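This report describes selected side-chain features of one protein model. Please look at the sequence and structure below before reading on.

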Amino acid sequence: IARAMPTGWARVLASIARAEGLDAKGRAQLVAFAVMGGRLASLARERGWTHVHVHSCANAAHVAMFAHLLSGLTYSMTLHGPLDDYGPNQREKWRHAKFAFVITKKLLGEVRQELAGSLPDRIELAPMGVELSRFQRTVPYEPWSGEGPLRLFACGRLNPCKGHADLIDAVGMLRKKGIDARLSIAGEDEAGGTTYRKVLEAKLAQDGLSDAVTLLGAVSEDVVKDGIQRSHLFALASLQEPLGVAIMEAMAMRAPVVVTGAGGVKELVDDGVDGVLVPSQAPAVLAEKLEKLARDPAEAVRLGEAGRRKVEEQFSSERSADMLARMLA
């Protein structure tokens, strides 16, 4: 911090003065992030780091930005979702970055529109990816035979934006048609099971579906992989999804996916080619598509294999890592 005075701190204070969307308390917090930036700059000097990549555009980006303003240490960022999700002062965070990655074409368009005039020279499209060696089946996929339980699996935090209530309604519709649909949902609400989980539990009790739908809570990656492997279909009814890593993982496991085409999902799933897309907030359509695919074993197998190929070709974690390495070089 002392090493950066006075010119480094002049740059910091000028940046804080330009900050958008912050009150006095928010600007005071920026001073604290600037101190953290000084510590990051010190660590970089001690350890020989010449660049920092921030896998977020939230306050971690503030720390990297202030390290740059204090010491000249360059940084880059990855945007994973709508800018509004990552807090205020986005123009300053992007203005000083050396380069940036955005995970979908849709988000890239939003960034160029909202932050025009404050963007780094290089912004690359770099979808998130799956570590393919970890998401491999240990037993072959077997479609539903038409008898016994139809096993469905979903993975996403318990939040209204994930559309779990619509998926539960679709399960209820399937069961009214005589199909023994069973759904497992991996994920927990943001308060450790004390908020939206209670809403979903009340809905299950009211709809008489407590025995048909299991809320697994926060579980390990191995439990998620096992759930996908045991299922006949993967389903997710999100109202908004930046890209859909959980969907990507299911595709990597050769599970046929029936998901809403909300947000950036259409950049991951091609309807009828490597998965099935349905409108959001349309549980009747979701139930119809789940039943149709479940009753067509050959199509289920075909979509599962096509999904794996799509992830191998376009959404391997190595692809985005290689792109970062090239940009650094």
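Lysine 310 has a relative accessible area of 8%, so this residue is buried (buried means under 20% relative accessible area, exposed over 50%, partly exposed in between, with a 1.4 Å probe and protein chains only). Its side chain forms a salt bridge with aspartate 274, with 2.8 Å between the closest N and O atoms. The two residues join distant parts of the chain, 36 residues apart: lysine 310 belongs to helix α11 (residues 297–314), and aspartate 274 to the loop between β9 (257–260) and β10 (276–278). Aspartate 274 is buried too, because its relative accessible area is 4%.

The model is predicted; local features need pLDDT of at least 70, side-chain atom pairs count only at pLDDT 80 or more, and totals for chains, interfaces and linings use all residues. Residues are numbered from 1 along each chain as its sequence is written, and side-chain values use heavy atoms, with hydrogens and water left out. Helices (H or I, at least four residues) and strands (E, at least two) are DSSP runs, numbered from the N terminus.

The structure contains 24 salt bridges, each a side-chain nitrogen of Lys or Arg within 4 Å of a carboxyl oxygen of Asp or Glu. Among them are these pairs:

| Salt bridge | N to O distance |
|---|---|
| Lysine 310 and aspartate 274 | 2.8 Å |
| Glutamate 188 and arginine 197 | 3.0 Å |
| Aspartate 222 and lysine 225 | 3.7 Å |

Glutamate 188 and arginine 197 are both buried. Aspartate 222 and lysine 225 lie about one helical turn apart, because 3 residues separate them in helix α8 (residues 221–230). Aspartate 222 counts as exposed, at 51% relative accessibility, whereas lysine 225 counts as buried, at 16%. Elsewhere, salt bridges link Arg18, Glu92 and Arg95 in a network.

Serine 238 sits in the loop between β8 (233–236) and α9 (245–252). With 1% relative accessibility, serine 238 is buried. Its side chain makes a polar contact of 2.6 Å with the side chain of glutamate 241 (N or O atoms within 3.5 Å; within protein, one must be able to donate a hydrogen and the other to accept it, and residues adjacent in sequence count only if both atoms are side-chain atoms). Beyond its neighbours within four places in sequence, serine 238 is in contact (heavy atoms within 4.5 Å) with residues including Cys161, Thr260 and Ser280.

Methionine 5, in the segment before α1 (7–18), is exposed, with a relative accessible area of 53%.
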